Amino acid sequence: MTDQAASAATGAIESRSETLLHIEDIRKYFKVRSHAGTSRAEVKAVDGVTLDVRRGETLGLVGETGCGKSTLARCMARLYDLTSGKVVFEDHDISRTSRRGLRPVRRQMQMIFQDPYGSLNPRRRVGSIIGDPFAIHQIGDRKDRKGKVQELMQLVGLNPEHYNRFPNEFSGGQRQRIGVARALALQPRLIVCDEPVSALDVSIQAQVLNLLTDLQQEFGLTYVFITHDLSVVRHVSDRIAVMYLGKVVEVARTDDIFSTTRHPYTKALLSALPVPDPDAADSRERIVLTGDMPSPINPPPACRFHTRCPKAQEICSREEPPLVPVLGDDGSHLTACHFPLEVGETLRPGTVAQREGG
Amino acid sequence: MSMGSSDVRFDEDVAKEVEVGASPVEGRSPWLLAWQRLRHDRVAMISLGVIVLIALVAIFAPVFTHITGHPPNQQYLRQGTTSAGLPLSPNGKFWLGTDNLGRDILVRIAFGARISLAVGVVATLLTVAIGVVVGLAAGFFRGIVDTILARLVDVVLSVPFILVAVALVSIAGPGLTMTVLVIGFFSWASVARIVRGQVLSIREREYVEAARSLGASNFRIMFIDILPNVLAQVIVYTTLLIPVVIVTQATLSFLGLGLQPPTADWGGMLAESQTYYTVAWWFVAFPGIALLITTLAFNLFGDGVRDAFDPRAGR
Amino acid sequence: MALLEVDDLHVSFDTPDGVVRAVRGVSFTVEPGQTLGIVGESGSGKSVATQSLTGLAAGAKVTGAAMFDGLDLLHASSREMRHIRGRRIGMIFQDPLSSLHPAYSVGWQIVEMIRAHEAVPRRRARERAIELLDLVRIPNARARVDDYPHQFSGGMRQRVMIAMAMALSPSLLIADEPTTALDVTVQAQVLKVMQDVQAEFGTAIILITHDLGVIAEIADEVVVMYAGQVMERARRREAFYQYHHPYTEGLLASLPARGGTRERLTPIPGSPPSLLGKLDPCPFVPRCPYVFDKCRREEPPLAPVYPGEHHLSACWLDPDRARSRESAHTDPAPDIAPVRP
């Protein structure tokens, strides 16, 4: 497809719309062959999520294992087919588009993966990996591509002369940069980053995060940033959506999530986060949740969190709380809870953990 | 793309000071690394030497005729057999002795090497090619394609080899082509099974997902991303398959289903030697040893190749 | 009297690419009942160092001394080591799934562990196993003692590992990245259990991690490792507020918790060195913002920052660097009411 046709398929280059990506009531269920072989169980990885991603922002998706954030990200990028729901990218409904129809969209929406060791084909040279997007979409000839690839390598802080090296000759941080270069090749609008720094050493994480920030400013990128690390998400995101068992429980601007936490789960998450500061660690009350995360095959009815929530009452197991502004919050702060927290309210915790002095 | 002023840009001078993490070695492909490991494996290198030697013997088989003056199928009934018509033991004229028809065993072994190697290599390559394609398709497409192909593989692998060989030969007559076809008929299935297993695991890797997210077509993913990673295992299996094929070919000839006399072929020679082994040990021993050395060399080399590709497996 | 005294530990491996010197002269002590946090990134040698203490570093060349209760661990016979491992020193690793045998129930594994070291009748050992599972807060321990590892979640498996490690009340527990693979809320549970266990048994803990947050929570003493050497040793508060070594400083400065939203972070430029070849006398030289001539010529010893002090640093810089600082961290959950003891 030519460049012009591609941009026509995904909307005018200068789109006026504020919302880059809109997802509505997305559900993604995976069939599981149950051990007993009797019933056909389904893993409800994403169970009804509605979100907007605004142009130029970084939306953080936070949650623990099994919350469905990675699945949601892949549904957003249409790497999975949806069980139900809508995905609208730049005013084009791509919920049911075929693989071929999605090809031009792929140029606008890219992904950066978590595992710097698994996301690059070990048998291909780095230049070929970064140049893959050009080859796939038949842009430029071989000589052009080489030039572009080397430009990209320089852009992300890699030595362009290492064009012919193999992934195993690079460190973890450098491999992640290769992944970033590959994602940038086609100048996408939206990049979905799936835990891009989780597998890296601490001192390298900062380098890659800076790189992502710089690139965003330079190219006007929009990020969906998935992570389990709350300190990272706080640093990179404009808005944060907290997920639990396939649903979004709270979404707000970053500062609001931290200063005006409404949902008990969010609160528990924040309090569990170890802070690299002994004074803060000593003086904080840590809320340790009892029990384990329920299985996504059989999530609790109504509010998914009610089985572990210190504030749960009878209505929580009967009626699912809607994701709406609560307690006078404005439209940017949505919470799904029947008994949201007031500012300064402490959760009556299951177990209190406190450090005895320093 | 414009070049901004971000200090993230790659800076030559900074890089020289600070690029301590990257490997000091340039462009070492996984293939090169494997070859280097192989080179240091003494047993494997010796085996490779033996294989090369056998290949040379096969190629230059006519030289043996030239030196001894005996063509492979030439019968020397007067000078090559005893008065009782029995094979002659190794002597000055016939270095490895003669067979029941007075033919020079040494020369026949040399020419037999041609058959063994040719069939061994050609039949194996053909087999592997088919197996790889089938395995790729089954593992990649899953669903109904996989079900059909996998069942086909299961069926082929359950068929009793000898019965089918006999049946096919009785229909089409024995010979070289028959041998290659029969071998090919059975061997592709085991390759396909292995390749399918590999593909199933590789297709879950993140780099395949990455290729998909870029919009790569199925074809491209199969051949550019998956195949190179399957190739290592395939190569290992191929080197270990060759000796099996060689022995199978010899077996077919032994059973009279393969190449027919007077063609010089190790299996055939072993068949002919059955009646004479009590009086002519050399008639059995030398073709047997030739077969043994060849298969052993390939097996040891194959082990070395496997260890070179996956050094952890050996420990 | 220190429980464990490690002196000048060197560990190297022969690899096809050359000799990898993973640990290059490491010394530290662990007092009874204390928690020592060993912090470092990949390639720092932190895991290899502790593995070599318990004889688990396969194929390694080890020199130095490690005095544990009168016995030199590095030169002990394999019989002595088998006696020590499990009984006097317990271990837990990062991935409980691969450390627990999938085909035997957790109860069985704990019982076998106990009976391998003590002549205890099976029934009593089983009761003890149930007690231990209870201690690590496995709900319904009596029923779950016969469950298999795959029937537990990741966090619970890690707690089972702690139970197993504590089965014979060892005086030292070595925990190698025990919570790295766990979710934050689960991590909190596991750390709490470790603290409870320590309080109950008086066990000393060596906690290896790259997570400075975890260190701030539970370590008493901190050892910072880089490229196989100790860069700094300090008490908890000293390490965070009165650090001396530029690497410690760099680590703390590069944490995302330090920055505000969308600000640039200050990473340490470059990456950790390869352990194959020769390094500068101070291995941090290529990345240190304060490097000067002496650093390239002479190796700085791990010495007290101020004479006679407990706080050690392997750096030529002036001791006054280690003056008290304001904490630059912004607490992500400031409205959680501080609870004063």
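**Entry 1: chain A**

Which domains does the domain assignment of chain A give? I looked this up before anything else, keeping in mind that I am reading a predicted model. The assignment gives domain 1 (1–108 + 188–237), domain 2 (124–187) and domain 3 (263–358). I noted that domain 1 of chain A is written as two stretches, 1–108 and 188–237.

Next I checked how domain 1 and domain 2 of chain A touch. I found 11 residues of domain 1 in contact with 12 residues of domain 2. Helix α7 (residues 202–219) of chain A gives the largest share of the domain 1 side, five residues. By class, that side of domain 1 of chain A has nine nonpolar residues, one polar and one charged.

**Entry 2: chain B as a whole**

How many helices and strands does chain B have? I count 13 helices and zero strands, so the run of elements from the N terminus is α from start to finish. Of the 315 residues of chain B, 39% count as buried. I also looked at contacts in chain B between residues at least 6 apart in sequence, and 71% of these join residues at least 24 apart.

**Entry 3: two helices of chain B that cross**

I picked out helix α5 (residues 105–141) and helix α12 (residues 281–309) of chain B. Their axes come within 11 Å and cross at roughly 35°. The crossing of α5(B) and α12(B) is right-handed. On the α5(B) side, I listed Ile105(B), Ile109(B), Gly112(B) and Ser116(B) as making the contact. On the α12(B) side, the contact is made by Trp282(B), Phe283(B), Phe286(B), Pro287(B), Ala290(B) and Thr294(B). Sorted by class, the residues of this contact between α5(B) and α12(B) are seven nonpolar, three polar and no charged.

Is helix α9 (residues 206–213) of chain B mostly covered or mostly uncovered? I found it mostly covered, with six of its eight residues buried. Those are Glu206(B), Tyr207(B), Val208(B), Ala210(B), Ala211(B) and Ser213(B). The cover comes from two chains: it includes α3 (99–106), β6 (109–112) and α4 (126–136) of chain A, together with α8 (176–202) and α10 (218–254) of chain B. Just after α9(B), I spotted Gly215(B) with a positive phi of about 95°.

**Entry 4: a covered helix in chain C**

I turned to helix α7 (residues 154–166) of chain C and checked its span. At 1.5 Å a residue, its 13 residues should span 18 Å, and the end C-alpha atoms are 18 Å apart, which agrees. The helix is mostly covered, with 12 of its 13 residues buried. Among the buried residues of α7(C) I noted Gly155(C), Arg157(C), Arg159(C), Val160(C) and Met166(C). What covers the buried residues of α7(C) includes β6 (89–92), α3 (96–99), α4 (106–117), α5 (122–135), β7 (172–176) and α8 (184–201) of chain C.

**Entry 5: the domains of chain C**

Chain C is divided into domain 1 (4–223) and domain 2 (227–322). Taken over C-alpha atoms, the centres of these two domains are 28 Å apart. Their contact takes 23 residues from domain 1 of chain C and 17 residues from domain 2 of chain C. Which elements of chain C each supply at least two residues of the domain 1 side? They are β2 (18–30), α9 (212–218) and β9 (221–226). The largest share of that side, 10 residues, comes from β2(C). By class, I recorded 10 nonpolar, seven polar and six charged residues on the side of domain 1 of chain C that touches domain 2.

Terms used:
Residues are numbered from 1 along each chain as its sequence is written. Chains are lettered from A and ligands numbered from 1 in the order in which they are written. This is a predicted model: local features need pLDDT of at least 70, side-chain atom pairs count only at pLDDT 80 or more; totals for chains, interfaces and linings use all residues. Helices (H or I, at least four residues) and strands (E, at least two) are DSSP runs, numbered from the N terminus. The expected span of a helix is 1.5 Å times one less than its number of residues. A residue is buried if 20 or more other C-beta atoms lie within 10 Å of its own, exposed if 12 or fewer, and partly exposed in between; C-beta atoms are placed from the backbone. Two residues are in contact if their C-beta atoms, placed from the backbone, lie within 7 Å. Axes are lines fitted to C-alpha atoms, for helices over the stretch in contact, and angles run from 0 to 180 degrees between N-to-C directions. A crossing is left-handed if the near helix is turned anticlockwise from the far one by less than a right angle, and right-handed if clockwise. Ala, Val, Leu, Ile, Met, Phe, Trp, Tyr, Cys and Pro count as nonpolar, Asp, Glu, Lys and Arg as charged, and the others, Gly among them, as polar. Domain bounds come from an automatic or database domain assignment.
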